[in-house]
Each structure stands twice: as structure tokens, then as C-alpha cells.
Amino acid sequence: MTTAAQTATIETKSEKNGRTAQGGATTVSGGATGAAEPAATRGRTSIADVVVVKIAGMAAREIPGVYDMGGGLSRTIGAVRDRVPGGRPNVGRGVKVEVGERQTAIDLDLVVEYGVPIADLARDVRENVIDAVERISGLEVVEVNITVNDVHLPDDEDPERPVEARVE
């Protein structure tokens with residue numbers, strides 16, 4: 001049961017939508033200000049677009065059968081970045097989001113394991129991403145578009161595994 005004071009209003013801050021621009025952040029307004037208002041409704045919460053990207057990326061990678069994410073060039077750059085000492089994996093690779101006032105649309109680029117039924121995998125990824133983004137951010141996910149860019153074959157060279165020398 002939600003009261004009107006608890007209902008969040010979400011505004012995208014982008015100039016092309018005729019709103020104020022502040023670095024791709026989404027503002028979730030909790031209601032009125034002042035000492036007379038309940039503590040939970042005082043102030044404003046801002047969620048950057050990159051937060052939604054990371055939530056969606058983590059949720060997609062949780063599904064068995066997702067080998068990697070991103071297109072060929074982004075995966076290559078990511079592999080180099082992962083090998084640099086102190087480099088962190090980019091959980092947002094292969095994820096694009098469009099955030100509106102109360103809703104978001106998400107595009108995912110996946111590499112799947114060979115043998116995994118792609119339709120079932122896409123359904124599981126879609127369900128997990130929608131659940132995670134809606135639960136954590138409070139935004140309604142209107143669509144999750146999935147593009148399968150590649151299939152990882154069992155005998156493909158794995159960048160994490162050292163290559164054995166052919167000669168001694």
C-alpha cells in the first residue's frame with residue numbers, strides 16, 4: 001500500500017527531452033521538504049544512468065550460458081583492460097540503457113555458450129534483468145532487447161587460459 005507522499009516521481013535529466021541536464025542522472029523525488037514531513041519523504045534521490053547499466057550487466061551475467069557480453073571490439077578492448085594490473089572488469093560492457101521519467105529500456109549484446117538454447121537463455125536473462133532493475137532502482141522496465149553476437153565454442157581460445165606451446 002503506497003500513499004501519495006511515498007509515490008516516487010522519476011525525471012530524466014537530459015536536454016533533448018526538454019529537462020535539465022546533469023550528466024545522465026535520473027532524479028527520484030520523494031515528496032515535499034520540511035520538518036513537518038515524514039523522514040522517508042524528505043529530500044531527493046538521484047540515480048545515474050550508469051547504475052542501471054551496472055545492475056543490468058550483473059543480472060545478465062548471473063544466468064548460466066552467458067559466456068560474455070558486448071560486441072567483438074568491446075570484448076577485445078575489455079580483454080586487454082582485464083589483463084592490465086589493477087584493471088577491473090567492466091560489468092557495463094554490452095549494455096545500453098535509455099531512461100525516461102519512470103521507465104527504462106535496456107539493450108544487451110550477449111555471447112552465449114555453445115549448446116545452450118538461445119530462446120530459453122534470452123527469456124531467463126530478460127526475466128532476471130527486469131527483476132533486478134525494477135527491484136533495485138524502482139524504474140519500470142518496458143523492454144529488454146537482446147542481441148546474440150557470438151557463440152563461444154568449447155575449443156575456442158579462452159583469453160584467461162594460457163596457450164600451450166606447440167613445440168618444446
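This is a short exchange about a predicted model of a protein chain and the terms used to describe it.

Biologist: What is the mean pLDDT of the protein chain?

Modeller: The mean pLDDT is 76. Of the residues, 63% reach 70 or more.

Biologist: Which elements have the lowest and the highest mean pLDDT?

Modeller: Strand β1, residues 9-12, has the lowest, at 36. Helix α3, residues 118-137, has the highest, at 98. Over residues 1-22 the pLDDT is below 50. That stretch still has 42 contacts in the model beyond near neighbours in sequence.

Biologist: Now strand β4. Why is D68 called buried?

Modeller: D68 is found in strand β4. Its relative accessible area is 18%. Buried means under 20%. So D68 counts as buried.

Biologist: What makes the pair R93 and D68 a salt bridge?

Modeller: The two side chains meet at 3.0 Å, N to O. The cut-off is 4 Å, from a side-chain nitrogen of Lys or Arg to a carboxyl oxygen of Asp or Glu. The value is within 4 Å, so the pair is a salt bridge. R93 lies in the loop between α2 (72-83) and β5, and D68 in strand β4, so the pair ties together parts that are 25 residues apart in sequence. Both R93 and D68 are buried.

Biologist: Why is the contact of D68 with R93 also called polar?

Modeller: The side chains make this contact at 3.0 Å. A polar contact needs N or O atoms within 3.5 Å, one able to donate a hydrogen and the other to accept it. The contact of D68 with R93 is therefore listed as polar.

Biologist: How do you know that D109 forms a salt bridge with K96?

Modeller: Their closest N and O atoms are 3.8 Å apart. The limit is 4 Å, so the pair counts. D109 is in strand β6 and K96 in strand β5, 13 residues apart.

Biologist: Are D109 and K96 buried or exposed?

Modeller: D109 has a relative accessible area of 17%, so D109 is buried. K96 is at 53%. Exposed means over 50%, so K96 counts as exposed.

Biologist: What about helix α3? Why is D131 called partly exposed?

Modeller: D131 is at 43% relative accessibility. R135 has 57%, so R135 is exposed. The side chains of D131 and R135 meet in a salt bridge at 3.9 Å, N to O. Both residues lie in helix α3, four residues apart, about one turn of the helix.

Biologist: How many salt bridges does the structure hold?

Modeller: The structure holds five. D120, R123 and D124 are linked in a network of salt bridges.

Biologist: Which residues touch the most other members of the largest nonpolar core?

Modeller: They are I106, L108, V125, V129 and V133, out of 25 residues in that core. Elements that give two or more residues to this core include α1 (49-61), β6 (103-113) and α3. V125 touches A60, I63, V66, L108, L110 and I146, not counting residues up to four places away in sequence.

Biologist: How does the reach of α1 compare with the expected span?

Modeller: α1 has 13 residues and reaches 19 Å from its first C-alpha to its last. That is close to the 18 Å expected at 1.5 Å a residue. Buried residues in α1 include V52, V53 and I55. Among the elements that cover the buried residues of α1 are β3 (44-48), β4 and α3.

Methods. Residues are numbered from 1 along each chain as its sequence is written. This is a predicted model: local features need pLDDT of at least 70, side-chain atom pairs count only at pLDDT 80 or more; totals for chains, interfaces and linings use all residues. Side-chain values use heavy atoms; hydrogens and water are left out. pLDDT is the predictor's confidence in each residue, from 0 to 100. Contact means heavy atoms within 4.5 Å. A nonpolar core is a set of buried Ala, Val, Leu, Ile, Met, Phe, Trp, Tyr and Cys residues joined through side-chain atoms within 4.5 Å. Buried means under 20% relative accessible area, exposed over 50%, partly exposed in between (1.4 Å probe, protein chains only). The expected span of a helix is 1.5 Å times one less than its number of residues.
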